[in-house]
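Reader: Please show me the model. I would like to go through its salt bridges and its sheet.

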Amino acid sequence: MRAMLTTTPQRIVVVSHTNPDGDAVGSSLAWAAALRTLGHEVHCLVPNRYPYFLNWMPQIKEVVIFKDQPEEAKQLLAEADLLFCLDFNDLSRLEILSDTIAANTHMRRVLIDHHLSPAEGYEIVFSHPDSSSTCFLVYSLIEALFGTEIISKQMAEQLYVGMMTDTGNFAFSFLTPELFRAVAVLIERGITVPEIHNRVYNSYTAGRARLFGYTINRKMELIHGGRVAYMSLTEPEMRRFGFQQGDSEGFVNYPLTIKKVKMSVMFLQHTHFIRVSLRSRGNVDVNLFARKYFNGGGHKNAAGGKSFVSMEETIAHYIRSVEEFAAEGGI
Ligand code: 5GP
Ligand code: MN
């Protein structure tokens, strides 16, 4: 990798997944900044918009959004020598951008990711499913390749956002001493932890708070002896609360605050499909569940997929799948 990056300045695109989250955007921006210190020309690209509560992030306005600027994105890809794929394991996760990327075969490709089962087709693969975030992976790469001295305050903020959001505020798995040492370095670079926390978690609209109350109160169903939860939102329901991209972020975690609940799912209606978001606790493997029943994947305790039938059929399929999965010892 060092050899790949120390040759003449190159044109580089850093791409991340559909519905980019804090880890996708944070890792892309910080990695792009690190590459720029070597003189490379770097652009960040995502398929669609990031949630509005990330708008404050340093340099985020420079991220090219394929859905809004398809021609600019195609031009950047046509001119690029090198493509970094961050925070996703398969080109299909790029959805509307997948075909464009797949067609650009002249670029060398490098994967930096923490999801299970990385796809083929990369010259170099940094796939670490035991890393709590891609931001922590990028931090570790920067440390190994360039030294942490190159991390500016802005890069530290970008990296912290992904470390914080992907670990559910340092509450999920893979909370290693190395991660907290990395956080210590980011704090030395001048980040203010409560400020970043407020900007990300306390910046929602009133509509989002009401939608959350509605979803838990009216739409949360408990099945399988109260050990499995599901919730759903249709387009009219979202419209009623002035839904914006990112507003349902975190909803799916809430049923897991109930002691008995081991698995939770959220079905969110989109124009042409239903997005499925899964979370679990302990040994319940929702990555396996998402792969088997919803054409998706992710991590053991956080995964996702899609459904192309109606909401009623999707829920019926889910209930049947939970029964089958439980009968096989999955729950
Ligand atoms: P979220 O529920 O936050 O959208 O996604 C949770 C996790 O599941 C993320 O790590 C994400 O990468 C993964 N994921 C979400 N949707 C899909 C999907 O359609 N396919 C695959 N393979 N993974 C997904
Ligand atoms: Mn991630």
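Author: A salt bridge here is a side-chain nitrogen of Lys or Arg within 4 Å of a carboxyl oxygen of Asp or Glu. The model is predicted, so local features need pLDDT of at least 70, side-chain atom pairs count only at pLDDT 80 or more, and totals for chains, interfaces and linings use all residues. Residues are numbered from 1 along each chain as its sequence is written, chains are lettered from A and ligands numbered from 1 in the order in which they are written, and side-chain values use heavy atoms, with hydrogens and water left out.

Reader: How many salt bridges does this rule give?

Author: Apply the nitrogen-to-oxygen cut-off of 4 Å. The count then comes to ten.

Reader: How far apart are the closest N and O atoms of arginine 275 and glutamate 95?

Author: These two side chains form a salt bridge, with closest N and O atoms 3.3 Å apart. The pair links distant parts of the chain, 180 residues apart: glutamate 95 is in the loop between β4 (82-86) and α4 (98-103), arginine 275 in strand β10 (residues 274-280). Helices (H or I, at least four residues) and strands (E, at least two) are DSSP runs, numbered from the N terminus. The distance asked for is 3.3 Å.

Reader: Is arginine 275 buried or exposed?

Author: Buried means under 20% relative accessible area, exposed over 50%, partly exposed in between (1.4 Å probe, protein chains only). Glutamate 95, at 22%, is partly exposed. Arginine 275 has 16%, so the residue is buried.

Reader: Which residues are linked in a network with Arg275?

Author: The network is one of salt bridges. Besides Arg275, its members are Glu95 and Lys306.

Reader: Which helix holds both arginine 181 and glutamate 178?

Author: Their side chains meet in a salt bridge at 3.9 Å, N to O. Arginine 181 is exposed at 54%, and glutamate 178 is partly exposed at 45%. They sit three residues apart, about one turn of the helix, in α7 (residues 177-188).

Reader: What is the closest N and O distance between lysine 292 and glutamate 328?

Author: The two form a salt bridge at 2.8 Å. Lysine 292 lies in helix α11 (residues 286-294) and glutamate 328 in the segment after α12 (311-327), 36 residues apart. Lysine 292 is partly exposed at 44%, while glutamate 328 is exposed at 52%. The distance is 2.8 Å.

Reader: Which strands stand at the edges of the sheet?

Author: Two strands pair if DSSP finds at least two bridges between them. Six strands form an open, mixed sheet in the order β7-β8-β9-β10-β12-β11. Each edge strand has a single partner, so one side is left without a neighbour in the sheet: these are β7 and β11 (297-298).

Reader: In which sense do β8 and strand β9 pair?

Author: Strands of a sheet pair through backbone hydrogen bonds, either parallel or antiparallel. β7 (residues 221-223) and β8 run antiparallel, joined by three bridges. Between β8 and β9 (residues 263-269), six bridges are found, with methionine 231 partnered by methionine 266. The sense of this pairing is parallel.

Reader: How many residues of β8 are buried?

Author: Take strand β8 (residues 228-233) face by face. Val228, Tyr230 and Ser232 are buried on one side. Ala229, Met231 and Leu233 are buried on the other.
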